[in-house]
Amino acid sequence: MKNNVKRVGLRIDVDTLRGTRYGVPALLKDLSQYHCKASFFFSVGPDNMGRHLWRLIRPAFLAKMIRSRAASLYGWDILLAGTCWPGKKIGQECEAIIRAAANKHEVGLHAWDHYAWQTHIDTWSEEQLHEQFTLGLNELSRIIDRPVECSAAPGWRADQQVIESQQRFGLRYQSDCRGVGLFRPQYLSSDISTIQIPVTLPTWDEVVGRTLSASAFNRYLLDTIHRAGGNPVYTIHAEVEGLVASTYFKQLLQLATEEGIEFCPLGELIPDDITQLPLGTIVRQSLPGREGWVGHQQLREQCS
């Protein structure tokens, strides 16, 4: 690898049946064309994402749906999934596609039920959280025929209590929050937990239509990457960059190649000596362009 290449972790969230069935194959083709690797995080249980429609009564969510033109962005099959008909099991419906991704890229768990995680994480007991995580890990492990080593919380809806409850699973890393760089979360008991790889860059749906046009987004993102220190982490969604915004994503891959930016799986960002990573916790914060709270990295010196 050339010394002047800047590495950027690429996290691909796959939330729905449609995103898995159509978006993932398109992304696999695009990534192969530009010789890029990424981390795919799959939702593998029932696709109940259409149940989010009740949130239209919330002004912030309604504004986001209008701003992002959600019906054209996601498709009515996604917006109604699990409402007019029972949500299909994504893993069972798309085993071959998930295996194809695992043959070329890093693969981890996004969720068993993406809708349930985003909606009920505030009220789940530790037993319910454990059940959801176990169902997802077991199903994804069955599909790819090997243990799952990483996960990424839907919508970054994870706080210190959530990540502490997940340590029993012994994953290599998790990507559950937003922040500035890799860190080792610290228990309240001072034990060190699984490495966290925060997403450091804004996503398409947080920016486009709110502060920038679609045509201006790639230049904005690349300039942000060039200014960033270390190894930034970027998230895309199979339902967006793999489908309706695929032209813009292919343009991003081309421009990144020309400008010395190399996308890579998140696991490749972990240093050999993890003891050099800073300590921190995860706290709840709001984020411009996103409804509700997200988990956010807080370094230990910020806590004192």
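**Aromatic pairs and ring-facing charges**

Trp204 counts as buried, with a relative accessibility of 9% (buried, under 20% relative accessible area; exposed, over 50%; partly exposed, in between; 1.4 Å probe, protein chains only). The model is predicted, with local features requiring pLDDT of at least 70 and side-chain atom pairs counted only at pLDDT 80 or more, whereas totals for chains, interfaces and linings use all residues. Residues are numbered from 1 along each chain as its sequence is written, and side-chain values use heavy atoms, with hydrogens and water left out.

Rings of Phe, Tyr and Trp (its six-membered ring) were paired if their centres lie within 6.5 Å, with planes under 30 degrees apart classed as stacked, over 60 as edge-to-face and the rest as tilted. By this rule, 6 aromatic pairs were counted. The pair of Trp204 and Tyr248 is tilted, because its planes stand at 50°, with the ring centres 5.3 Å apart. This pair links distant parts of the chain, 44 residues apart: Trp204 belongs to helix H10 (residues 204–207) and Tyr248 to helix H13 (residues 246–258). Helices are DSSP runs (H or I, at least four residues), numbered from the N terminus. Tyr248 is partly exposed, at 31% relative accessible area.

Phe217 and Tyr220 also form a tilted pair, with centres 6.3 Å apart and planes at 50°. Both residues lie in helix H11 (residues 214–227), 3 residues apart, about one turn of the helix. Phe217 is buried at 0% relative accessibility, while Tyr220 is partly exposed at 30%. Trp204, Phe217, Tyr220 and Tyr248 form one aromatic cluster.

Charges over rings (NZ of Lys or CZ of Arg within 6 Å of the ring centre and within 35 degrees of the ring normal) include Arg178 over the face of Trp156, at 4.4 Å from the ring centre. Arg284 lies over the face of Trp293, at 4.0 Å from the ring centre.

Notes: Helices (H or I, at least four residues) and strands (E, at least two) are DSSP runs, numbered from the N terminus.
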